[in-house]
Amino acid sequence: MKQFGLIRVAAAMPRVHVADPESNARLILELLKEMAPARPSIVVFPELSVTGYTCADLFGQNRLLDDAEKAVETILAASKDIEPMIVIGAPVRHSGRLFNCAVAIRHGRILGIVPKTYLAGNNEFYEPRWFESARVLPSAGVRIRYAGQDDILLGTSQLFRVGKALAAIELCQDLWVPVPPCTQAALSGAQIILNLSASNDYLFKHEYRRELVSATSSRLYAAYIYSSCAEGESTQDLVWSGASLICESGTMLAEAERFKRGSRYISADVDVERLETLRAKEHTFRVEGPLPAYTIQEAGDTAQTDFQASLKRYVEPYPFVPQGDPEALGLRCREILSAQVAGLVTRLEHIGCKTAVIGVSGGLDSTLALLVTVLAFDTLGLPRKGIIGITMPGFGTTHRTHDNSVNLMRELGITSREISILPAVRQHFTDIGQDETVHDLTYENSQARERTQLLMDLACKEGGIVIGTGDLSELALGWCTYNGDHMSMYGVNVSVPKTLVRTLVSWAAGNKFGNENTIHNILLDIVDTPISPELLPADKDGNIAQKTEDTVGPYELHDFFLYHFFRFGAGPDKLRFLAGKAFAGKFDDATISKWLEVFMKRFFRQQFKRSCLPDGPKVGSVSLSPRGDWRMPSDLETFFKL
């Protein structure tokens, strides 16, 4: 059963009976039985979950401490038949001191006991009254006898390996300090942080707690499982809501409904492989100076979780275009357009250029590049007439795209010219012996190169630069003509994928040119136009016959493949698996596999085009610039077996 680098984790919140370890052990085991069909590999319970957190001075009673140890023995005995590693909270005595501890258990064996380092001693909590900090122990910890088992390590410097995942443990307040213990644990290899917490609630505290967990997981490129106590704790002075969270590298995977009654749990699937890839790419993920020497406690393999049947994490089908939150999407569009404009403004200022030449086809890419150029000229206070837009009808140009390009240039107030490439291309066909009725690659590329030659020569004549229109998706697939549309003097769309190009043009129509109805309507019609290079003749009705996605496949799939391949190092099996989850009901497995093979083959065979890209601004986390983000031999064979 393939695991795809995933591990299922859970934060459990059993109903608590304060100072009644026997009942708490029973409820812990009942909850574990309830979640067994989900087959998690790690289950984390709240702080002092065996006794309840709010026992107060009862922690000084031997009866309570003896009963707590017996309850742990009960859980130990039952755990022989329980699949996951479980981590429970219990008070543990050693050498006349009492420690607030996390006890890690698997298959009837205590793997290790981690005591709390930073005790809460503010107006709400008085932990130093009953407990000692882990700092009184030797840095390597001590070996103790507990719950009927000998030679158990009590100490903070230990990590727990479950399959390929390393987990570290800290308790509640440990997270809220300036340098939490999880920082050093993560730098020592822990990808998953387990926090046993008893965190009360009051106005706005949850917002801060949520931000703290999210930011910590982001900073450490880790998953953070925060399990907090809920119903049953004493509400003499405080209220407990069960504010449990599971976060991965800044993304909230699962969040408990607060103030809900009864025992419950949340679970999510953590992508350990993804976290390891992010850490390897981030060369500042390191520390100067020595780290603690951690003892690795081997917990065994992960559970045999069937991620294919049920995946407990959302896979965004459009990673470059966030769905469901118009505000977030608007913010992203505004940021990207601003970055594109800033890049072009700087380039124009640097070379003292007041003229830009751009080929305007009436398609998405050239439209976005034109809008960026117009906004850049507006920013610099340059007249839009300094933008020379050229429409260059060829064998496949349709009335729809031609009219949209001409009308858009007119409404934007730029200098507009029309130069047919047909005479020059036909002369070229004669020169090289190409039959015009043979619609092969030579037929198509000759048109693309003729257009680029016109733009370059005109820019030279006018003292301007050619603005590139090609996008990131085309570069990934090599869907561009070498030294044709592949070439420019500054490519503003070079790191914008096709799915985002469409979104940016649509957003600009309503937010940058919304007050200009004619422009707005033209842009929306361009958004609705099929994607095509228009190099092959139109159909008998004059409509676009050559549709790019019929040949190379859906751009939404290719952009998905590119994102996960580039950002997280996902190989074909994982890409196929993730795409199957993201596009369930839209693309079947055979369709995904077909276009994944096209993506892989084209990506590796077309590197030579990316190796000599013109300059252009990086505006997102994925870029294929050979000078920065992606360097690969141009003659490398596909190293994946498809």
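# Angles, pairings and burial

Student: Why are H7 and H12 called oblique to each other?

Tutor: Helix H7 (residues 364-380) and helix H12 (residues 498-511) pack at an angle of about 50°, with their axes 9 Å apart. Angles under 35 degrees count as roughly parallel, over 145 as roughly antiparallel, 65 to 115 as roughly perpendicular, and the rest as oblique. The angle of about 50° falls in that remainder, so H7 and H12 are oblique to each other. The axes are lines fitted to C-alpha atoms, for helices over the stretch in contact, and the angles run from 0 to 180 degrees between N-to-C directions. H7 passes H12 in a left-handed crossing (the near helix is turned anticlockwise from the far one by less than a right angle; clockwise would be right-handed).

Tutor: As for the source, this is a predicted model, in which local features need pLDDT of at least 70 and side-chain atom pairs count only at pLDDT 80 or more, while totals for chains, interfaces and linings use all residues. Residues are numbered from 1 along each chain as its sequence is written, and side-chain values use heavy atoms, with hydrogens and water left out.

Student: What makes the contact between H7 and H12?

Tutor: Contact means heavy atoms within 4.5 Å. On H7 the residues are Leu 364, Asp 365, Thr 367, Leu 368 and Leu 371; on H12 they are Lys 498, Val 501, Arg 502, Leu 504, Val 505 and Ala 508. They divide into seven nonpolar, one polar and three charged (Ala, Val, Leu, Ile, Met, Phe, Trp, Tyr, Cys and Pro count as nonpolar, Asp, Glu, Lys and Arg as charged, and the others, Gly among them, as polar).

Student: How many helices and strands does the chain have?

Tutor: There are 18 helices and 20 strands. Helices (H or I, at least four residues) and strands (E, at least two) are DSSP runs, numbered from the N terminus.

Student: Why do S13 and strand S15 stand at the edges?

Tutor: Seven strands form an open sheet of mixed pairing, in the order S13-S12-S11-S10-S9-S8-S15. S13 and strand S15 (295-298) each have a single partner strand, so one side of each is left without a neighbour in the sheet. From one strand to the next, the twist averages 25°.

Student: Which residues show that both faces of strand S16 are covered?

Tutor: In strand S16 (residues 356-359), Ala 356 and Ile 358 on one side and Val 357 and Gly 359 on the other are all buried. In a regular strand the side chains alternate between the two faces of the sheet. S16 pairs with strand S17 (residues 387-391) in the parallel sense over four bridges, and Ile 387 of S17 is the bridge partner of Ala 356.

Student: Why is Thr 302 called buried?

Tutor: Buried means under 20% relative accessible area, exposed over 50%, and partly exposed in between (1.4 Å probe, protein chains only). Thr 302 has 18%, so it is buried. Thr 302 lies in the loop between S15 and helix H6 (326-351). Beyond neighbours within four places in sequence, Thr 302 is in contact with Gln 3, Ile 7, Ser 41, Arg 106, Val 162 and Gly 163. Of the 642 residues of the chain, 56% count as buried.

Student: Why is Ala 56 called partly exposed?

Tutor: Ala 56 has a relative accessible area of 32%, so it is partly exposed. Ala 56 sits in the loop between strand S2 (42-44) and helix H2 (62-78), and has a positive phi of about 55° although it is not a glycine.

Note on methods:
Pairing = 2+ DSSP bridges.
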